[in-house]
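Hello,

Here is the structure I promised to pass on. Please open it first, then read my notes below.

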Amino acid sequence: GASFKQRYLEGSELFAGVAKSRLHKYVVVYTSNMQRTLFSAWSFLHGMFPGVPKHFSYASDRLKVNLKLVKKMLARREETLGIPIYIEEVARTDRLFHQYKMNAEIVEWQKKNVALSPTLTQIAKTSEFSSLVSKLFKMTRLPQLAPE
(Lines give C-alpha, C1' and ligand atoms only; values in the text may rest on other atoms or scores of the structure.)
Protein backbone atom coordinates (compact mmCIF):
# COMPACT_ATOMS: atom_id res chain seq x y z
CA GLY A 1 0.00 0.00 0.00
CA ALA A 2 2.79 2.44 0.84
CA SER A 3 4.43 2.03 -2.59
CA PHE A 4 1.06 2.61 -4.28
CA LYS A 5 0.66 5.69 -2.11
CA GLN A 6 3.96 7.05 -3.42
CA ARG A 7 3.03 6.32 -7.02
CA TYR A 8 -0.68 7.21 -7.13
CA LEU A 9 -1.13 9.75 -4.34
CA GLU A 10 2.18 11.54 -4.11
CA GLY A 11 3.50 10.91 -7.63
CA SER A 12 0.41 11.63 -9.71
CA GLU A 13 -2.76 13.69 -9.91
CA LEU A 14 -5.04 10.64 -9.74
CA PHE A 15 -6.73 11.65 -6.48
CA ALA A 16 -5.95 15.37 -6.68
CA GLY A 17 -8.66 17.42 -5.00
CA VAL A 18 -10.40 14.41 -3.46
CA ALA A 19 -10.90 14.91 0.28
CA LYS A 20 -10.17 11.95 2.57
CA SER A 21 -13.83 11.98 3.60
CA ARG A 22 -14.86 11.41 -0.05
CA LEU A 23 -12.40 8.68 -1.04
CA HIS A 24 -15.07 6.01 -0.50
CA LYS A 25 -16.80 7.40 -3.59
CA TYR A 26 -13.76 6.52 -5.72
CA VAL A 27 -12.12 3.57 -3.97
CA VAL A 28 -13.73 0.25 -3.02
CA VAL A 29 -12.16 -3.13 -2.35
CA TYR A 30 -13.59 -6.58 -2.98
CA THR A 31 -12.21 -9.65 -1.21
CA SER A 32 -13.03 -13.22 -0.31
CA ASN A 33 -13.86 -14.12 3.27
CA MET A 34 -10.49 -15.77 3.85
CA GLN A 35 -8.55 -14.29 6.76
CA ARG A 36 -5.40 -13.72 4.69
CA THR A 37 -7.29 -11.79 1.98
CA LEU A 38 -9.15 -9.73 4.57
CA PHE A 39 -5.87 -8.74 6.22
CA SER A 40 -4.26 -8.04 2.85
CA ALA A 41 -7.09 -5.70 1.84
CA TRP A 42 -7.01 -3.90 5.19
CA SER A 43 -3.22 -3.59 5.16
CA PHE A 44 -3.16 -2.34 1.58
CA LEU A 45 -5.67 0.40 2.35
CA HIS A 46 -3.86 1.27 5.57
CA GLY A 47 -0.61 1.76 3.63
CA MET A 48 -2.13 3.61 0.68
CA PHE A 49 -4.59 5.77 2.61
CA PRO A 50 -3.24 6.19 6.16
CA GLY A 51 -5.68 7.89 8.48
CA VAL A 52 -8.68 7.17 6.25
CA PRO A 53 -11.43 5.08 7.88
CA LYS A 54 -12.22 1.69 6.35
CA HIS A 55 -14.77 -1.00 7.13
CA PHE A 56 -15.71 -4.55 6.20
CA SER A 57 -19.14 -5.02 4.67
CA TYR A 58 -21.29 -7.94 3.51
CA ALA A 59 -23.98 -7.24 0.91
CA SER A 60 -26.58 -8.92 3.15
CA ASP A 61 -25.61 -6.63 6.04
CA ARG A 62 -26.66 -3.65 3.93
CA LEU A 63 -29.98 -5.02 2.64
CA LYS A 64 -32.06 -4.01 5.64
CA VAL A 65 -30.34 -0.72 6.38
CA ASN A 66 -31.61 2.62 5.11
CA LEU A 67 -28.27 3.77 3.70
CA LYS A 68 -29.65 7.14 2.58
CA LEU A 69 -30.55 7.93 6.18
CA VAL A 70 -27.18 6.73 7.47
CA LYS A 71 -25.29 8.77 4.84
CA LYS A 72 -27.40 11.84 5.61
CA MET A 73 -26.62 11.53 9.32
CA LEU A 74 -22.90 11.07 8.64
CA ALA A 75 -22.85 14.03 6.23
CA ARG A 76 -24.36 16.27 8.91
CA ARG A 77 -21.51 15.32 11.21
CA GLU A 78 -18.97 15.57 8.39
CA GLU A 79 -18.05 11.93 8.98
CA THR A 80 -17.79 8.86 6.78
CA LEU A 81 -17.78 5.11 7.23
CA GLY A 82 -14.69 5.21 5.06
CA ILE A 83 -13.54 2.97 2.26
CA PRO A 84 -15.63 -0.20 2.09
CA ILE A 85 -14.04 -3.63 1.89
CA TYR A 86 -16.81 -5.75 0.41
CA ILE A 87 -16.63 -9.41 1.38
CA GLU A 88 -17.97 -12.04 -0.99
CA GLU A 89 -21.03 -13.87 0.26
CA VAL A 90 -20.60 -17.46 1.30
CA ALA A 91 -23.60 -17.61 3.59
CA ARG A 92 -23.87 -21.36 4.07
CA THR A 93 -20.22 -21.99 4.78
CA ASP A 94 -18.96 -18.74 6.26
CA ARG A 95 -17.90 -19.45 9.82
CA LEU A 96 -15.53 -16.50 10.08
CA PHE A 97 -18.11 -13.70 10.25
CA HIS A 98 -21.43 -15.46 10.78
CA GLN A 99 -20.65 -18.43 12.98
CA TYR A 100 -23.36 -17.53 15.51
CA LYS A 101 -26.00 -17.66 12.76
CA MET A 102 -24.98 -21.19 11.82
CA ASN A 103 -25.69 -22.71 15.22
CA ALA A 104 -29.35 -23.04 16.20
CA GLU A 105 -28.37 -23.65 19.84
CA ILE A 106 -26.78 -20.21 20.07
CA VAL A 107 -29.91 -18.51 18.74
CA GLU A 108 -32.07 -20.32 21.33
CA TRP A 109 -29.56 -19.51 24.08
CA GLN A 110 -29.69 -15.82 23.14
CA LYS A 111 -33.50 -15.71 23.24
CA LYS A 112 -33.67 -17.40 26.65
CA ASN A 113 -31.00 -15.18 28.17
CA VAL A 114 -32.53 -11.97 26.90
CA ALA A 115 -35.95 -13.01 28.24
CA LEU A 116 -34.44 -13.83 31.65
CA SER A 117 -32.55 -10.57 32.05
CA PRO A 118 -34.21 -8.33 34.68
CA THR A 119 -32.22 -5.32 33.44
CA LEU A 120 -33.34 -5.73 29.82
CA THR A 121 -36.92 -6.40 30.92
CA GLN A 122 -36.94 -3.16 32.94
CA ILE A 123 -35.32 -1.11 30.15
CA ALA A 124 -37.83 -2.44 27.62
CA LYS A 125 -40.63 -0.77 29.60
CA THR A 126 -39.19 2.76 29.29
CA SER A 127 -40.25 5.41 26.76
CA GLU A 128 -36.59 5.99 25.81
CA PHE A 129 -36.34 2.36 24.73
CA SER A 130 -39.51 2.60 22.65
CA SER A 131 -38.23 5.75 20.99
CA LEU A 132 -34.87 4.15 20.20
CA VAL A 133 -36.46 0.99 18.78
CA SER A 134 -38.74 3.11 16.60
CA LYS A 135 -35.77 5.08 15.28
CA LEU A 136 -33.80 1.89 14.62
CA PHE A 137 -36.75 0.37 12.77
CA LYS A 138 -36.98 3.44 10.51
CA MET A 139 -33.27 3.12 9.70
CA THR A 140 -33.01 -0.65 9.30
CA ARG A 141 -36.54 -1.95 8.57
CA LEU A 142 -35.71 -5.07 10.58
CA PRO A 143 -38.98 -6.93 11.21
CA GLN A 144 -38.04 -7.75 14.80
CA LEU A 145 -37.95 -3.98 15.51
CA ALA A 146 -41.35 -3.26 13.94
CA PRO A 147 -43.92 -1.64 16.22
CA GLU A 148 -46.41 -4.13 17.60
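Residues 24 or more positions apart account for 72% of the contacts in the protein with a separation of 6 or more. Keep in mind that this is a predicted model.

**Overall make-up**

The protein has 8 helices and 3 strands. From the N terminus on, the order is α-β-α-β-α-α-β-α-α-α-α. The chain has 148 residues, and 22% of them count as buried.

The 3 strands form an open sheet. Their order is E1-E3-E2, and the pairing is parallel. Strand E1 (29–31) and strand E2 (54–58) stand at the edges. Each has a single partner strand, so one side of each is left without a neighbour in the sheet. On average, neighbouring strands of this sheet are turned by 25° against each other, direction ignored.

Now the pairing of E2 with strand E3 (residues 83–87). These two strands pair in the parallel sense over 5 bridges. To find one on screen, pick Tyr58: its bridge partner in E3 is Ile87.

Helix H2 (residues 35–48) packs on the sheet. H2 touches E1, E2 and E3. The direction of H2 makes about 145° with that of E2.

As background, strands of a sheet pair through backbone hydrogen bonds, either parallel or antiparallel.

**Helix H8**

Helix H8 covers residues 127–140.

Which residues of H8 are buried? They are Val133, Phe137, Met139 and Thr140. Seen down the axis of H8, these buried residues fall within an arc of 165°, so they line one face of the helix.

What covers the buried residues of H8? The cover includes helix H4 (67–76).

The face turned away from the buried side carries the exposed residues Ser127, Glu128, Lys135 and Lys138.

Last, look just past the end of the helix. Arg141 follows H8. The phi of Arg141 is positive, near 60°.

Best wishes

Note on methods:
Residues numbered from 1 in each chain as written. Predicted model: local features only at pLDDT ≥ 70, side-chain atom pairs only at ≥ 80, totals over all residues. Heavy atoms only, no water. Helix = DSSP H or I, 4+ residues; strand = E, 2+ residues; numbered from the N terminus. Buried < 20%, exposed > 50% of the residue type's maximum accessible area, 1.4 Å probe, protein only. Contact = heavy atoms within 4.5 Å. Expected span 1.5 Å × (residues − 1). Arc of directions from axis to C-beta. Pairing = 2+ DSSP bridges. Axes fitted to C-alpha atoms, helices over the stretch in contact; angles between N-to-C directions.
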